[in-house]
Structures are given as structure tokens and as C-alpha cells.
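Visitor: I would like to learn how to read the features of a structure like this one, step by step.
Guide: Let us look at it together.

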Amino acid sequence: MFLKRRAPPQALISLVPMIDVMLILLVFFMVTSTYLNLDMIPALHPAEGRAQPNEPSDTRLMIRIQADGRPSLRGDTLTPQELNQILAQALAKDPQAQLVILPSNSASTQDLISIMDQSATAGVQNMRVLRLEARQ
């Protein structure tokens, strides 16, 4: 006498666990990635007319402070006179222009304070300082 066994059912391949893993990886890479190519960020936008007091300004100017303490705009090193001229032109177009200062890790605090003081003397009222964290 022979016993007949049922054939085992075919294994179903489910895509749900794979999709879950892919979503977890996507979130992981989005959270851990950094955006270091700052040259792709538009540094100066001409304003469409004058900004109202309650409206944010469209004009942004990003100044980098190099390791030697000199400011640069879009890769071009600036003298103090050139920086004053650029700030004056930006403020003439839009009095509420925003200045973003990005000091390098090697720049001294005195260099940052000097650029901020020069900008405030030129009339910049909306100023921000960015700091990049070093990769470990």
C-alpha cells in the first residue's frame, strides 16, 4: 500500500518585502547624502521690481571666505573695493537683498567678522552665515 502525498504548493514570490527594503534604502540614502556642490546654487537673482517690506527679497548674494581670508564670488577672488562695489550694486537693485556668507573651515573668525562688518557698513540688513560640517 502506497500513501499519496499532496504535492507541496508552489511558493508565491511576493514583491512587498523587496519594495519595503527599497524604500528603507531610499530614505537612508536621502538622509545621509549631502549637497556639496554649492556652485550649482544660484547666488544672485535680479529682483522683479522692488520688494515690498512684507515680501521676502529675491536677490541673494553668496560670498565665500577662502582659507586665506579673502572673499570670493562665483570662484573669483574679490578685493575689499570690489566687494563694496558688488554689494552696492545688489543693494541698488534691491534694498532687501540677502547676503549669505560661507566661510571655509580654515578661515579665521576675524576674517568672518571683517566681511560681516564691511557688509553692514555697505548697508546690508539681511545677512546669514552658513557653516558646512566636515565629513567623518
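This is a predicted model: local features need pLDDT of at least 70, side-chain atom pairs count only at pLDDT 80 or more; totals for chains, interfaces and linings use all residues.

Visitor: How many helices and strands does the protein chain have, and in what order do the elements run?

Guide: Helices (H or I, at least four residues) and strands (E, at least two) are DSSP runs numbered from the N terminus. The protein chain has three helices and five strands, and from the N terminus on its elements run α-β-β-β-α-β-α-β.

Visitor: Which way do strand 1 and strand 4 run, and how many bridges join them?

Guide: Two strands are taken as a pair if DSSP finds at least two bridges between them. Here strand 1 (residues 60-65) and strand 4 (residues 98-103) run parallel and are joined by six bridges, with Ile65 having Pro103 in strand 4 as its bridge partner. Strand 1 also pairs with strand 2 (residues 71-73), this time antiparallel and through two bridges, and Arg64 has Ser72 in strand 2 as its bridge partner. The hairpin of strand 1 and strand 2 has five residues between the strands, and Gly69 there takes a positive phi near 95°.

Visitor: What should I look for in a salt bridge, and which residues form one here?

Guide: Side chains of opposite charge can pair when their charged atoms come close. The term is used for a side-chain nitrogen of Lys or Arg within 4 Å of a carboxyl oxygen of Asp or Glu. The structure holds one salt bridge, formed by Asp68 and Arg70, whose closest N and O atoms are 2.8 Å apart.

Visitor: Is Met30 buried or exposed?

Guide: Buried means under 20% relative accessible area, exposed over 50%, and partly exposed in between (1.4 Å probe, protein chains only). Met30, which lies in helix 1 (residues 16-32), counts as exposed because its relative accessibility is 57%. By contrast, Asp68 is partly exposed because its relative accessible area is 46%. Across the protein chain, buried residues make up 24% of the 136 residues.

Notes
Residues are numbered from 1 along each chain as its sequence is written. Side-chain values use heavy atoms; hydrogens and water are left out.
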